[in-house]
Amino acid sequence: MYTIVIIICTLIFVSWLFYEQKKAQRKSRKASEEFWAREEEANRTRKKDISHLPLITVTEPEIPVTDTTDETINYYIGQIRNIIKEPLMDLSEYSNTDLKLAYGIGNFKTLSDYDENFNSFLMNLSNLGRAYQTAGYYEEARDTYLLALRYGSWKLSDFSELAKVYLAMDEPEHITELISKLETENHPRKDSVIQGLCDVLASYQ
């Protein structure tokens, strides 16, 4: 009798597992079909007017600069000065398919370049901040990270390194202020960033 119960339970489990696998396959196939249908539609979307889209303008005086012979610092300052001469646009909210659907495949390369320029700008700000930090230029490092945040960076490293700079300057209260400000934000990375800041603050002696 016990053996029969085991066999029945095994058959039920196998049947349930088979059903769940089939359901998952159907969902995956449906999602794939929907994706490729949207992609096909996107690749047929005609070029639209993008003249109304706002470019991000960064001026040279905004870049924290100091008189130094540090080659790494001067390299990243030069990189930033060059990149801000190019069109910048933050299109992080769009997938490639969404971008083509919204503005047409004819604009895809142009808009992708603008978005890449913007991401390069933020990346070089992060690198400049770290270069300043390593060299002990804490005020310049602070201002560089703050500039990155002002232009929309949500990289955990930018927040956590800024917090470390605040600690190096013996100003932990600014980390607390930053946490309070972030708590009012509505962003998917908010919780992880706040946790990262709390971890840095907890290390303060």
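Predicted model: local features only at pLDDT ≥ 70, side-chain atom pairs only at ≥ 80, totals over all residues.
Local features here need pLDDT of at least 70 and side-chain atom pairs count only at pLDDT 80 or more, while totals for chains, interfaces and linings use all residues. Residues are numbered from 1 along each chain as its sequence is written, and side-chain values use heavy atoms, with hydrogens and water left out.

Begin by selecting F121, L128, F159, L182 and L197, which touch the most other members of the largest nonpolar core, a group of 38 residues. Such a core is a set of buried Ala, Val, Leu, Ile, Met, Phe, Trp, Tyr and Cys residues joined through side-chain atoms within 4.5 Å, where buried means under 20% relative accessible area with a 1.4 Å probe, protein chains only. Helix α4 (108-135) is among the elements that give two or more residues to this core, and α4 gives the most, with seven; helices are DSSP runs of H or I, at least four residues, numbered from the N terminus.

Next, select F118 and F121, which both lie in α4, three residues apart, about one turn of the helix. Their ring centres are 6.4 Å apart and their planes are at 40°, so the pair is tilted; rings of Phe, Tyr and Trp (its six-membered ring) pair if their centres lie within 6.5 Å, and planes under 30 degrees apart count as stacked, over 60 as edge-to-face and the rest as tilted.

Notes:
Buried < 20%, exposed > 50% of the residue type's maximum accessible area, 1.4 Å probe, protein only.
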